[in-house]
Amino acid sequence: MSIFDPSRRKFIQTTAASTGAIITAKLTTDAEAKSVLKPKQVTEPAKVNILLRVNGSEHQLMVDPRMTLLDALRERLQLTGSKKGCDQGQCGACTVIVDGRRIVSCLTLAVMQEGHDITTIEGLGTPNNLHPMQAAFIKHDGYQCGFCTPGQICSAVAMLDEVKAGMPSHVTSDLTRSPKMSAIEFRERMSGNICRCGAYSNIQDAIAEVAGERT
Amino acid sequence: MKAFNYERATSLAEAVAKVSHIKGAKFIAGGTNLVDLMKLQIETPTHLIDINDLGLDKIEASADGGLRIGALVRNTDLAANQQVRRDYAVLSRALLAGASGQLRNQATTAGNLLQRTRCPYFYDTNMPCNKREPNSGCSAIGGYSRLHAIVGVSNSCIATHPSDMAIAMRLLDATVETVRPNGSIRTIPIAELHRLPENTPHIEHTLEAGELITAVTLPKPVGGTHIYRKVRDRASYAFALISVAAIVQRDGTGRVAVGGVAHKPWRVEAAERDMPRGAKALTAGILANAQTTHDNAFKVLLVERTIASVLNEVKG
Amino acid sequence: MKFDTPASSNPIDQLKVIGKPASRIDGPLKTTGTAPYAYDRYNVVSNQAYGYVLGSAIAKGRIASMNLAAAKAYPGVIAIVTAENAGKLGKGDFNTALLLGGPEIQHYHQAVAVVVAETFEQARAAAYLIQVEYVRTKGYFDLADEKSKGVAKDDPYTIAESAVGNFSQAFSSAPVQLDASYSTSHESHSMLEPHATIAAWDGDQLTLWTSNQMIAWSVGEISKTLRIAKEKIRVISPYIGGGFGSKLFVRTDALMAALAARAAMRPVKVSLQRALIPNNTTHRSATIQRLRIGATKDGQITAIGHESWSGNLPGGSPEAGAVQTRALYAGANRMTSNRISQLDLPEANAMRAPNEASGLAALEQAMDEMAEKLGMDPVVFRIKNDTQVVPDSPLKAGSTDSQANKNRNPNPPFSLRQLVKCFETGAERFGWHKRNAKPGQVRDGRWLVGMGTASAYRDNVVMKSAARVKLDNRGHLTVETDMTDIGTGSYTIIAQTAAEMMGLPLEKVTVRLGDSSFPASAGSGGQWGGNSSTSGVYAACMKLREAITVKAKAQDPKFDITNAVFADGKIQSKSQSILLADLAGSRGLVAEDAIEFGDLDKRYQQSTFGAHFVEVGVDAATGEIRMRRMLAVCAAGRILNPKTARSQVIGAMTMGVGAALMEGLEVDKRYGFFVNHDLAGYEVPVHADIPHQEVIFLDETDPISSPMKAKGVGELGICGVAAAIANAVYNATGVRVRDYPITLDKLIEKMPTMV
């Protein structure tokens, strides 16, 4: 088997950039091609009238089809509990529950969610009437800055339902059996929710407490 | 994100007709890859045809004893399907190794197959990329290329296909069913769905414009021990550095496909006869003519050691 | 209140509220999605438009031309601000690079324009229509290449170099020697909340609802940048979605929102898109470090030398990896050096435990290597070289007071140092004696298992901090200070402090933070915030207690104030008590004060200490590394709230796992930028990476630090973690990786062959 490194000579010729010298015209056509070459399609899209069902209430909205579900919740319905941490499906802070399933609301368009039941963090509980998962997060200090927290909680609530429904995960040892309510299962299943403050150990304690009460 | 018009298709025929007749139209189902790329204007559809209402979300037994998986079956549901778990465990395993719980709830079977590369230069629209902007150059070559392909590469592109599921589908000899704009139905062996980059890395698959995947079928189960081993830096929610999908029979024969090494799910059937000879021989066949960079040269040894570990696991 | 002599007994010592694991008082808001972060604040001002920031496509050079025509014509676009039309701007003292680039470009993704539109979708689409032509000039992007040009430069924070005794002679004659080089990667704070601001002008008055750790600094920086008086600026930042140093300074979101709002003549909200964060904002610089340690055969260090090289834009500060080596271990002959080279990458700046986090990653791996050379247990080796005074305390930069310098103790004592106890406690709790000193011996199925340890060390910094307390006629106390809570628990420990001081239950205290209309606090940074800000609240409460006492005496001349105590919502003497609510009266009582620290931090070295113990598993085939167990034992003064303090430590340990195993901003050395500039490319730990974590706080109080007798704890936890993990990986595999992060590609070729 040959392992060679073609990047040094052969490949470098095919790349547009080189270091050092001043690059002028060439660069403009390469790196900035996107803006120089095709400023077309400058139209305003037709707005779409949709009915969004969120936390049990129906909302009639005229939306730009480009609007994500996350932005519709935040900017139109003022449900700002769902957070925009990355807007790329890479952090989980925008997690909401749609028809019982957790999804990232930044990677779906609002227009695609008509007819679905959407639950956000605001629909789970309020400061004076906390959902058990919210109460467990407080008790176990399952958060620090709090920014990922609504997504963590929505995710945790729906995640426990997934385990209960017998859905397997990456760490389920025997696929033919139902998964266990265990820390290793919860850790794997919650991995789509990043907490940069690093409250994971405490979040796991919170989830374990709620799971224990349920089983 | 560029402006587009949005419609929900009510029939297959309508969906296919629209996408083939409207310039710049695209299908949307799960959206987890397309919406992301639209935000960055890497994808700029003028129309989106939402196909979620087309009922392509069933998993059913096929006439030849296999399984027919609707194109819109969500990754979660496919992985959790009892028959998949029992008879095609490598597929469940591969699905569950991918993305996150949230994304698997959204992502569809067909969308997973057609997802685009995660090469960071493809994602950065300031950088040359032949896949995004034909003939602009490949930034990964000579750049940061730790995650990139080592087999089937070209001087135009060293991107990988990021799917885990597709590796298992390739291992299982899945077949892709489509509807073409003229309404005809065809089947494409999964090995022929994805293309190597050659000098047209922007053309990633063999579907015609407007052709829609309606289902993926699996042949009848082949038994054996099913393993999907994904190797990555963090323990979850990360793309594979490499992955190994294997089905090994009691007599030591079997099949292997490898992920994270090529522009398409990578399987070299001819090399599989060397499985009983062990990982070294098998890997030499699978990764023959590997072309690595300084950053990703480790993948060759990693594949070999991972295959060795998988074969050891089968032995028990 | 001046704090210039060690604290004696004071009301905090009652420990009725302080020291208790109270749940966060902001918890109900944070867990229900109702805590208002900057970009959430739709209701603070009406008619908000959306701003979208365009980042530079090149790392270094200049803008040759910009064509805004297509973007301006786009539906919904209200205004576009670039350097050309922004008006003359100043530069804040804390920023190295300008927050708005053009025509000169200093780094990749430096902001070059903000587009304001009616909707987010319109602003984003229009930003893509701006046509920019750049001219790229030569830049320096590779630290290894530029290292030899590194210079030692003192700045207000760091003395670049120091020496004691004769290092080179002692090292070369030492019976046992280690000379090894290490490197750490560029790292991104990657806090979950992107930098975000809503800006509104009311005439010439600017209000910024933003996400910032340092309110008073920000007012000053905005004032300098926009060239308007501080009095015209209000900064409001009550909830901050993570900072870790990235929000110490005003960033482009705030400036662009302010400029955009001025241009659009209406409020504008701006949040940086995630893909801009690594290159537009700050990061922790990579380092290259060289450690030389010489010791006698019985393990006494006789020579220790630590050199560190890092990079930054011209004018920036170094990542001074060698500083802690002046204080951590004994040794008669020593040298440290922190050198900086120009790199035209984005601006490097403080990230959680700047200097120590990187420095200990190298030093504590070297200590492990040295222990092995000596045939000593690494815990025993560290304990043997403990010191109760600072062996190398160079003069602070800019010290001009010659008398003070003459009287200065070159080896100041530590105010309190219990590093040895941390190790002894941790070793026992962790089962350290079960570690097999010979690497590669322990196996659990597929996994090679190893244990590692490292010292944690981080200076305790104290800063002036003010607060205002208001007592109302319901006996309810409100604390106001511009202190911030970045997840640290400031709301809660401030409430606990006030409750303790005034004899109130926690529910009777309201805390209002993060508003420049409140008294200026220490802010959140450098793990100085908790101790300093609660001390400021202590000072204000002392003043309020005096006012209450005077009022009690005035109301009832027989009231015996000499032994008055505050408890149960009352002021009580032996025979009498009066409700605070009654004394407050309808107009209430207000007191404001600041804590100001004398020279105790110069007469004593104030530091926090800890010992990390970790166990890792390394996949024998693939080299994948997974954490199995983690324990930190911390000695950090009085722990004001063990629940929130523990969270600070586990969070820091988690970030340390990232630094050890996965975090690295990858430099494209041709184009000069961080390639993996999102949260898929720049991996930080996820749930599955982190096992249950254990934290033990030694029971200690440090009266030299503050009236709270507390110290910082928010950064201690990250210090040393990376090295402990590296040492555990070595113990598991026998492979020593000196280049962080320790990813499998650096291990795999040296891993034991497969059977």
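Trainee: How many residue pairs are in polar contact across the interface of domain 1 of chain A and domain 2 of chain A?
Mentor: This is a predicted model, where local features need pLDDT of at least 70, side-chain atom pairs count only at pLDDT 80 or more, and totals for chains, interfaces and linings use all residues. Residues are numbered from 1 along each chain as its sequence is written, and side-chain values use heavy atoms, without hydrogens and water. A polar contact is a pair of N or O atoms within 3.5 Å; within protein, one must be able to donate a hydrogen and the other to accept it, and residues adjacent in sequence count only if both atoms are side-chain atoms. With both residues at pLDDT 80 or more, the rule finds six residue pairs.

Trainee: Which element gives the largest share of the side of domain 1 of chain A that touches domain 2 of chain A?
Mentor: Helices (H or I, at least four residues) and strands (E, at least two) are DSSP runs, numbered from the N terminus. Strand E3 (95-98), strand E4 (101-104) and helix H4 (121-124) of chain A give two or more residues each. The largest share, three residues, comes from H4(A).

Trainee: Which residue forms a salt bridge with A:Arg102?
Mentor: A salt bridge is a side-chain nitrogen of Lys or Arg within 4 Å of a carboxyl oxygen of Asp or Glu. The rule finds one across the interface of domain 1 of chain A and domain 2 of chain A. Its closest N and O atoms are 2.9 Å apart, and the partner of A:Arg102 is A:Glu162.

Trainee: What area is buried between domain 1 of chain C and domain 2 of chain C?
Mentor: Buried area is the accessible area (1.4 Å probe) that two parts lose on being put together, summed over both. Carbon and sulfur atoms give 59% of it here, and the area is about 1300 Å².

Trainee: How many residues of chain B are in contact with chain C?
Mentor: Contact means heavy atoms within 4.5 Å. Chain C and chain B bury about 3200 Å² between them. Chain C brings 40 residues to the contact, and chain B brings 38.

Trainee: Which residue of chain B forms a salt bridge with C:Asp745?
Mentor: The rule finds one salt bridge across the interface of chain C and chain B. The closest N and O atoms are 2.9 Å apart, and the partner is B:Arg146.

Technical notes
Chains are lettered from A and ligands numbered from 1 in the order in which they are written.
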